[in-house]
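Please open the model in your viewer and keep the selection panel at hand.

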Amino acid sequence: MYKIMIIEDDASIRRELYLLLKNASYEPAETALFTDLPQQIQKENPDLVLLDVNLPGESGLGVCRELRQFSDVPVIFVTSQNTSMDELECITSGGDDYISKPYQAPILLARIAAVLKRTGKSQDGASLTYKGVTLDLLACTARYQDREAELSKNEFRILVYLFQHTGQVVSRMDLIEDLWDNQVFIDDNTLSVNMTRLRGKLADIGVRDLIETKRGLGYKL
């Protein structure tokens, strides 16, 4: 289990990240104290750091530069800034990757897995597993026993969202907003088409009745 340290001053985002990482089988660590952060990181000894740029006091960029004086721990900047200059500053300050808010959970998890693999921390991509079904977050595939199905972008994101909310009823609107960010009007039937295709691909690898329809409410694993 890889330890990932969260350095984020917004308590609600910090909690969201903590739960996301825990559900993805990582060991999350966090801090609510934003002084002597490089020393805190050194003491925690994580495998990767998620570092916000805009912190109380010293910026995340300064924290990373100081950290690089004695540690090569992988750092992914998570920030509300998204210009090319912001990205350049993150990389030149010693960051290994950069993702802007609001981020999509599957993309963040894939970035984490890719950085861990690239920096030699992990030999395998990150995955989510439930009832014997494993989602490969880098390859966008679902595996069951010795069979594998390639998923489209939307099929993959539907399954990741459901995996992150196992045991809960997920409404159709929640899925629509996660898939399309509520930026354009999406016919409700579009979700039904994607769900039918996803269930078909799962059935092809021997997985049936994984996704339960709750009539009038949504879906549940």
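Which element gives the most to the lining of the largest pocket? In this predicted model, that element is α1, which contributes four residues to the lining. Colouring the lining by residue class will give nine nonpolar, five polar and four charged residues.

Next, stay with β5 and α5 and select the loop between these two elements, where Pro102 is found. The peptide bond that joins Lys101 to Pro102 is cis, with an omega of about -5°.

Move on to the second largest pocket, whose volume is about 150 Å³. Select strand β6 (residues 127-130), from which the largest share of the lining comes, namely four residues. Then extend the selection to other lining residues, among them Asn23, Ser25, Phe163, Gln164, His165, Thr166 and Gln168. The lining of this second pocket divides into three nonpolar and eight polar residues, with no charged residue.

For the next stop, select Asp96 and Arg68, whose side chains meet in a salt bridge with an N to O distance of 3.1 Å. Asp96 lies in the loop between α4 (84-92) and β5, while Arg68 lies in the loop between α3 (60-67) and β4 (75-79), so that the pair, 28 residues apart, links distant parts of the chain. The count for the whole model comes to nine salt bridges.

Finally, select helix α7 (residues 172-180) and helix α8 (residues 188-204). At what angle do their axes cross? The axes come within 10 Å and cross at roughly 85°; angles of 65 to 115 degrees count as roughly perpendicular, and α7 and α8 are therefore roughly perpendicular to each other. Showing side chains here brings up Arg172, Leu175, Ile176, Leu179 and Trp180 on the α7 side, which meet Asp188, Thr190, Leu191, Ser192, Asn194 and Met195 of α8. By class, the residues of this contact between α7 and α8 comprise six nonpolar, three polar and two charged.

Note on methods
Residues numbered from 1 in each chain as written. Predicted model: local features only at pLDDT ≥ 70, side-chain atom pairs only at ≥ 80, totals over all residues. Heavy atoms only, no water. Axes fitted to C-alpha atoms, helices over the stretch in contact; angles between N-to-C directions. Parallel < 35°, antiparallel > 145°, perpendicular 65-115°, else oblique. Contact = heavy atoms within 4.5 Å. Nonpolar A, V, L, I, M, F, W, Y, C, P; charged D, E, K, R; others polar. 1 Å grid on protein atoms, 1.4 Å probe; cavity = no way out; pocket = protein on both sides within 12 Å on 5 of 7 lines; lining within 4 Å. Points joined across faces, edges and corners; volume = space filled by probe spheres on them. Salt bridge = Lys/Arg side-chain N within 4 Å of Asp/Glu carboxyl O.
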